[in-house]
Amino acid sequence: MLTELKIRHFRCFERFEAHFTPGLNLILGPNAQGKTSLLEASCVLLRLQSPRTSRLADIVQHGQRGLLVDGHYAGKHLQFYYSEHRKKLALDSVEQPTATDYLQAGRVVWFSNTDIDLIRGAGDLRRRFLDFVAVQANPDYRRALRDYTRALRSRNLLLKSPTSKWKEVCAFDAPLLQSGAQLTHARVELTTALKPLAQLAHTAISGGVEKLEAHYQPGAGPDFAASLAEARMEDTRLRLTTVGPHRDDWELTLGGRPAAGGSEGQQRTLALALRLAAARFLEAHFGTPPLLLLDDIFGELDLVRRTALLRELSPAAQQLVTTTQLEWLPLGLDAHVLRLGSHES
Ligand SMILES: Nc1ncnc2c1ncn2[C@@H]1O[C@H](COP(=O)(O)OP(=O)(O)OP(=O)(O)O)[C@@H](O)[C@H]1O
Ligand SMILES: [Mg+2]
């Protein structure tokens with residue numbers, strides 16, 4: 001569990017220190033006091049990435065050069081310094097040349113009040129969800145994702161350039177195909193594992209009238225090399241790579257109909273089921289539950305779903321939960337409360 005978190009020049013915080021306990025930790029305060037930022041810092045500490053932005057530069061406090069997150073998780077001391085020009089990692093005070101060992105320290109699942117976009121939003125949000133879980137479960141996935149993204153970016157740059165030749169574009173096909181095959185393989189495995197877990201979680205929260213189905217839809221045919229060759233005319237015309245795992249999607253249906261057409265409550269429940277499935281998958285994979293970060297979600301749920309969610313969260317998991325008020329909290333529930341802003345006592 002996360003016992004101690006120190007941050008410096010992180011979003012609105014010049015300097016801040018927080019202590020957490022096992023089980024439920026509530027981060028309580030009015031709007032804009034840095035509640036979500038504290039959850040984000042816990043995620044950056046463990047995973048070196050933010051669930052809110054793909055650009056770490058965004059989370060450095062305005063006017064500062066770099067940020068520092070420093071904390072103890074599962075008996076390990078983690079330190080991460082980031083600036084646009086320099087990144088530094090230390091595990092138990094030993095500087096790390098790569099992130100490989102550092103990232104083994106802990107896993108995270110992030111629940112957010114904007115998770116409804118996982119259901120109704122574009123495919124890139126579902127890919128990001130899958131990637132965030134896959135990177136944690138499988139260290140090789142991170143490398144494959146980085147190689148694929150680089151090869152795709154280079155190939156697209158050449159496609160956009162009016163002077164480049166097709167032969168030059170094709171030079172990126174080999175790394176694209178190789179890393180792409182790894183991504184597809186891992187995503188098929190992951191979606192296959194997540195589906196029954198999401199169905200169980202969905203039944204538990206919704207009462208289970210309509211069945212959730214989830215189909216992985218690859219962004220290329222079964223033979224990626226052949227799809228890439230076939231797409232030559234289209235890629236040239238549109239000046240971008242039109243097939244590949246960057247076009248994968250995860251089609252979600254409820255009672256046979258597209259989930260995105262469901263009511264807001266149905267979509268929120270579905271999104272919760274996906275997050276719970278991710279948490280259960282990581283717990284089963286590693287034998288210990290991930291750190292659960294829940295950003296402002298209880299206020300959005302009705303009493304039945306709120307109670308069901310609290311019941312469904314692994315009792316062994318440490319939970320950091322942000323909220324602006326405590327009215328929703330069931331009586332008798334034991335929680336450590338961290339107050340931010342004008343509530344501070
Ligand atoms: N890079 C940054 N530098 C300085 N301040 C920032 C930066 N990024 C965000 N902020 C500010 O940090 C403050 C806290 O944001 P945060 O989202 O953590 O608040 P919150 O307590 O979760 O609020 P809410 O209850 O509305 O969700 C905001 O006022 C925001 O404008
Ligand atoms: Mg917030």
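In which hand does H6 pass H9? In this predicted model, the crossing of H6 past H9 turns out to be right-handed. The two helices in question are H6, covering residues 173-206, and H9, covering residues 264-286. They pack at an angle of about 130 degrees, and their axes lie 8 Å apart. That angle is why H6 counts as oblique to H9, since angles under 35 degrees count as roughly parallel, over 145 as roughly antiparallel, and 65 to 115 as roughly perpendicular, with the rest called oblique.

As for who touches whom, H6 brings Ala-193, Leu-194, Leu-197, Ala-198, Ala-201, His-202, Ile-205 and Ser-206 to the contact. From H9 come residues including Thr-269, Leu-270, Leu-272, Ala-273 and Leu-274, and also Arg-280 and Phe-281. Sorted by class, the residues of this contact of H6 with H9 are 14 nonpolar, three polar and one charged.

The axes of H6 and H10 come within 8 Å, and they cross at roughly 140 degrees. H6 and H10 are therefore oblique to each other as well. Here Ala-201, Ala-204 and Ile-205 of H6 meet Arg-305, Ala-308, Leu-309 and Glu-312 of H10. By class, that gives five nonpolar residues, two charged ones and no polar ones. Ala-201 and Ile-205 also turn up on the H6 side of the contact with H9.

Where the domains touch, eleven residues come from domain 1 and eleven from domain 2. On the domain 1 side, helix H10 (residues 303-312) supplies the largest share, with four residues. The domain 1 residues that touch domain 2 divide into six nonpolar, two polar and three charged.

That leaves ligand 1. The ligand has 17 residues around it, and the ones that come nearest are Cys-12, Asn-31, Lys-35, Thr-36 and Ser-37. Helix H1, which covers residues 35-47, gives the most to this shell, with three residues. Looking at the shell by class, ten of its residues are polar, four are nonpolar and three are charged.

Methods: Residues numbered from 1 in each chain as written. Chains lettered and ligands numbered in written order. Predicted model: local features only at pLDDT ≥ 70, side-chain atom pairs only at ≥ 80, totals over all residues. Near = placed C-beta within 6 Å. Nonpolar A, V, L, I, M, F, W, Y, C, P; charged D, E, K, R; others polar. Axes fitted to C-alpha atoms, helices over the stretch in contact; angles between N-to-C directions. Left-handed = near helix turned anticlockwise from the far one by under 90°. Contact = placed C-beta atoms within 7 Å.
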